[in-house]
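Colleague: Before we look at any details, could you take me through how to read a model of this kind, one feature at a time?

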Amino acid sequence: GELKHDDLVNICELGQGNGGIVWKYCTFTNIDDQCQWFWNSLSPKKGIYLEVKPAVKTQIVRELKVLDRCNSPYIVGFYGTFAAEGQINICTEYMDGGSLDLILKKVMRIPEHILGKITVAVLRGLNYLREHHRIMHRDIKPSNILVNHHGEIKLCDFGVSAQLINSTLQTFIGTRSYMSPERLEGAHYGIMSDIWSLGLSLVEMALGRYPIPPPSIEDIDRLFDVDPYGNQSRLQGYGCYNVLAIFELMEWIVNEAPPSLPQKHFSPEFCDLIDRCLKKSTTERADLNTLLHHPFYKRYETESDNQDVSLWIEQVYKKDQSLTNGNNNNQYSRC
Ligand SMILES: O=C(NOCCO)c1oc2ccncc2c1Nc1ccc(C2CC2)cc1F
Ligand SMILES: [Mg+2]
């Protein structure tokens with residue numbers, strides 16, 4: 001339905017999203033002129049600030065309404081969108097486990113069986129977007145994969161509005177790039193580019209650090225000589241980890257060999273899936289259908305529920321809470 005700005009009263013600020021402030025909202029409904037709060041409909045609103053003509057904003061809002069018909073267990077729920085105060089506001093389902101980049105900051109790295117569930121969810125989400133909406137995601141990375149305490153894993157921030165893609169500096173990359181070599185070279189790109197981004201994201205979550213430039217064997221041993229919740233400081237784990245400037249990084253992705261997983265620490269199926277996702281040539285890279293039949297995917301697709309993910313998420317936040325000696329600013333706290 002048509003959400004108006006005064007339908008939403010902001011409760012508190014969730015934290016700085018990389019696209020601006022992400023707010024946690026409640027919607028309230030007038031019943032016999034009495035306002036009633038429905039806590040169950042907590043919905044963080046995303047505000048994307050755009051300096052574009054009103055006609056362009058109207059078109060973006062119209063295009064985003066496609067999200068009303070976007071229903072999949074692997075896609076974050078959509079509650080409505082409206083333009084206000086120079087922003088495009090997008091109200092979505094609240095995912096109380098946050099995004100995987102946030103989770104990764106709390107643990108050294110994500111174990112393979114959890115990454116298996118993440119792979120299943122992302123591939124099914126990509127397949128849903130392609131089969132039902134004929135779109136690719138365009139921005140697969142850990143911060144755009146959200147989880148909740150039920151163990152559900154869902155995608156967000158995908159390119160559903162062509163006008164919004166044109167209006168925002170989609171070329172703006174930030175400090176890291178999950179973009180495929182062909183996309184960085186300005187060549188035509190499509191779903192195969194999402195497959196590269198998935199591969200790179202999985203390697204980052206498996207190792208616990210952005211994998212370009214690839215860590216040396218010594219770095220790997222240092223990263224893995226502590227348990228996933230090791231107390232060793234992250235910096236020690238990195239060894240001579242140098243952060244490349246964004247342009248050097250893009251050059252590396254285009255010119256150097258792609259990263260891979262160390263066979264010593266991961267299953268052959270996982271290593272093989274990563275190698276197939278990170279082929280620099282799109283003709284050699286695995287496509288979506290191939291991956292939906294890959295042994296690594298097959299190993300996890302049968303598990304119907306995500307109780308293991310739910311338990312793991314709970315552990316992550318419990319450990320985090322104990323570290324922050326109980327101040328309740330964790331993701332589960334209601335404002
Ligand atoms: O947020 C975006 N980029 O993040 C940049 C900084 O944080 C973004 O970029 C787009 C480009 C084209 N069409 C849409 C979007 C969109 N937002 C978006 C898309 C889908 C959903 C689905 C309900 C889950 C929610 C969204 F907020
Ligand atoms: Mg995002």
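Predicted model: local features only at pLDDT ≥ 70, side-chain atom pairs only at ≥ 80, totals over all residues.

Colleague: Is aspartate 157 buried, partly exposed or exposed?

Modeller: Burial is judged by relative accessible area, where buried means under 20%, exposed over 50% and partly exposed in between, with a 1.4 Å probe and protein chains only. Aspartate 157 has a relative accessible area of 33% and is therefore partly exposed, whereas asparagine 144, at 3%, counts as buried.

Colleague: What is the mean pLDDT of the chain, and over which residues is the pLDDT below 50?

Modeller: pLDDT is the predictor's confidence in each residue, from 0 to 100. The mean for the chain is 83, with 76% of its residues reaching 70 or more; over residues 11–23, however, the pLDDT is below 50, and it also stays under 50 over residues 233–239. For the complex, the predictor gives an ipTM of 0.99 and a pTM of 0.85.

Colleague: Which residues coordinate the magnesium ion (ligand 2)?

Modeller: Donors are N, O and S atoms within 2.8 Å of the metal (3.2 Å for Na, K and Ca), and since water is not among the atoms, sites may look incomplete. Here Asn144 (OD1) and Asp157 (OD) coordinate the ion at 2.0 to 2.1 Å. Asparagine 144 lies in the loop between α3 (112–133) and β7 (145–147), and aspartate 157 in the loop between β8 (153–155) and α4 (162–167), so the pair ties together parts that are 13 residues apart in sequence. Helices (H or I, at least four residues) and strands (E, at least two) are DSSP runs, numbered from the N terminus.

Colleague: What is the strand order of the open sheet?

Modeller: Two strands pair if DSSP finds at least two bridges between them. The order in this open sheet of 3 strands is β6-β7-β8, with antiparallel pairing. Because β6 (98–99) and β8 stand at the edges with a single partner strand each, one side of each is left without a neighbour in the sheet. Between β6 and β7 there are 2 bridges, and glycine 98 has valine 147 in β7 as its bridge partner.

Conventions
Residues numbered from 1 in each chain as written. Chains lettered and ligands numbered in written order. Heavy atoms only, no water. Contact = heavy atoms within 4.5 Å.
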